[in-house]
Amino acid sequence: MIEVKDVSKSFGRVQALRNITINFERGKVYGLIGPNGAGKTTFFECLAGLMDYSGSIDYSQHDIRNHIAYLPTNPTFLTLITGKEHLQLLCNARRVTKPNFRISNIFNLPLNRFVTSYSTGMKKKLAFTAILMQKNELFLLDEPFNGVDIQSNILLTEIIHRLKQANKTVIISSHILSSLSSVCDNFILLKEGKIHKIVGKDAFNELEADLIKNEVSNKLEHLIIR
Amino acid sequence: MQMGVPLGIILLLSLFATLSCVLFFEVKHYHYFYLFLAINIPISFCNPKHVDFLKRTYSKSDYYRIRLTENIALALPFGAMLLLSGYIFSGLSLLIVSLITALYTPKIISSYAVPTPFYKNPFEFIVGFRLSFALIFLGYYLTYISFIYSNFYLSIFVVLAFSVLGMMYYIKVEETYFVWIYQFTPKAFLFSKVKQAVYSLLLLCLPVIVVLAVMRPTGVFIILGFMLGGIGMLATGVFCKYSSFPEELSLRQSMLLLFSVLFPVLILFTLPYFYIQARRQLKEILL
């Protein structure tokens, strides 16, 4: 289990996270929802240990801190590196010996080409392939469905199901609610750096209706398109 | 400052000129090493990320103006010293390469993934090799020349030049993510980086070492001594890179590194200094 207690983070005067307290259970998939600027990416970076914060994050399962996979919204890559070399780098870093690139290349990526020549979707798929090749326990996926074609979206959804079956913990942020609803056990609504609501799968429809009402309908009430 | 030129720059240029003159006159064949070092500067500025950024940001005329200014400003001190010291061909070659690489980025640098022998150990030597493979072949060509003319010390210079080149592969700081992914402690991380770097350098220098051993089998201790010096320089470069992580190298650190290259005995002090700094900086990111 991962215990997050009173985690706060500010950038100058901007408070990105305010006293976040939540427990993440092993083998469950969590959906992180919230408008742009709600603090989702900051929360992921704090969980990953990429950013300092106040409060505490306790990874009670001792070695989980060594097995965190983080898929950023816009994954970064080194220049003059091929897809295969990128995978090799990430495997070396996590001590994965003898990685099999042919079997792991589930998205049929051109691994011998420079990553810089890949499209946005291909880059995301490569980053996802890399974290799957590592032996990770906690998966932090920031907008994994964005910019990826429909077949790969289906594949991603299936992989997340399999991660859950393998007792891995997955936290996904996405604006594509339909994709989240099919894979998540719990949904966390983040607003202005605070946890606004946590609901289970059964209450998802209610949460979606609430979001549509508050975030869409009310704002469009007076909009007249000429 | 009153004359419009900061005093620091004048001092730096004077020191550079003095050191260059001393080394030209005191060390045999030093100008080859000097040329090798200098020619790598304009070539490294050809990297696709840098070129693409400038092309996207500036107009065509501004792009060429910036590229010319960059290359000439950096190559001019070296070129001027070579010309003034009588190495006309080397000096002119350097200035011509600077001009050509400012106006034209070879397509091969930006699109074709040049195969490298460092595939198992990404990424610094892979990227560096692809950026400077022309220089590496120039190094091997010099080794061939040294063999033909039985010039032992020319090949020794190639070993040192490869060491400095390897060190330069470690100057650019990568994004935090590429350090965070490591499941190592700062100490283990630094040692794994040095291990990879040394292995890659030995691979690069192997043909030169073989030639040296064939040329002078009795000179094995000289070869070992220079190789160890090269490894020391490389390790200093690796530790220096992470001594300010995640920030780029500061002017002070860059100067310390430069003086460690010019006066290798300084490595005895700079290597442990950079190592301690690097361990401290990496504690924030690694376990």
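**View 1. Helices α12(B) and α13(B) cross with their axes within 9 Å, at roughly 145 degrees.** This close-up, like the others here, comes from a predicted model. The crossing of α12(B) past α13(B) is left-handed. On the α12(B) side, the contact uses R252(B), Q253(B), L256(B), L257(B) and S260(B). From α13(B), I267(B), T270(B), Y273(B) and F274(B) join in. Sort those residues by class and you get five nonpolar, three polar and one charged. As for confidence, α13(B), residues 267-282, has the highest mean pLDDT among the elements of chain B, at 94.

**View 2. Helices α2(B) and α7(B) pack at about 165 degrees.** An angle over 145 degrees counts as roughly antiparallel, so that is the label for α2(B) against α7(B). This crossing is right-handed. Look for Y32(B), F36(B), I39(B), N40(B) and I43(B) on α2(B). They meet L131(B), S132(B), L135(B), L138(B), G139(B) and L142(B) on α7(B).

**View 3. S150(B) is a non-glycine residue with a positive phi.** Its phi is near 50 degrees. That's worth a look, since most residues other than glycine have a negative phi. S150(B) sits in the loop between α7 and α8 (152-168) of chain B. Is S150(B) buried or exposed? With a relative accessible area of 58%, S150(B) is exposed, because the cut-off for that label is over 50%.

**View 4. A cis peptide bond links F245(B) to P246(B).** Omega comes out at about 5 degrees. Most peptide bonds are trans. To find the spot, go to the loop between α11 (220-242) and α12 (251-262) of chain B, where P246(B) lies.

**View 5. Helix α1(A), residues 40-48, is largely enclosed by the rest of the structure.** Why call it enclosed? Because seven of its nine residues are buried. The buried ones are K40(A), T42(A), F43(A), F44(A), C46(A), L47(A) and A48(A).

**View 6. N66(A) touches residues of chain A and chain B.** N66(A) lies in the loop between β4 (54-59) and β5 (68-71) of chain A. Leaving aside residues up to four places away in sequence, N66(A) touches R94(A), Q183(B) and L287(B). In space, N66(A) is 8.7 Å from E137(A), C-alpha to C-alpha, although 71 residues separate them in sequence. N66(A) counts as partly exposed, because its relative accessibility is 24%.

**View 7. R95(A) is another non-glycine residue with a positive phi.** The value is near 55 degrees. R95(A) is found in the loop between α2 (83-93) and α3 (101-104) of chain A.

**View 8. Helix α6(B), residues 107-110, has the lowest mean pLDDT among the elements of chain B.** That mean is 55, while chain B overall has a mean pLDDT of 85. In chain B, 95% of residues reach 70 or more. Where pLDDT is low, the predicted coordinates should not be read in detail.

Note on methods: Residues numbered from 1 in each chain as written. Chains lettered and ligands numbered in written order. Predicted model: local features only at pLDDT ≥ 70, side-chain atom pairs only at ≥ 80, totals over all residues. Heavy atoms only, no water. pLDDT = per-residue confidence, 0-100. Helix = DSSP H or I, 4+ residues; strand = E, 2+ residues; numbered from the N terminus. Axes fitted to C-alpha atoms, helices over the stretch in contact; angles between N-to-C directions. Parallel < 35°, antiparallel > 145°, perpendicular 65-115°, else oblique. Left-handed = near helix turned anticlockwise from the far one by under 90°. Contact = heavy atoms within 4.5 Å. Buried < 20%, exposed > 50% of the residue type's maximum accessible area, 1.4 Å probe, protein only. Nonpolar A, V, L, I, M, F, W, Y, C, P; charged D, E, K, R; others polar.
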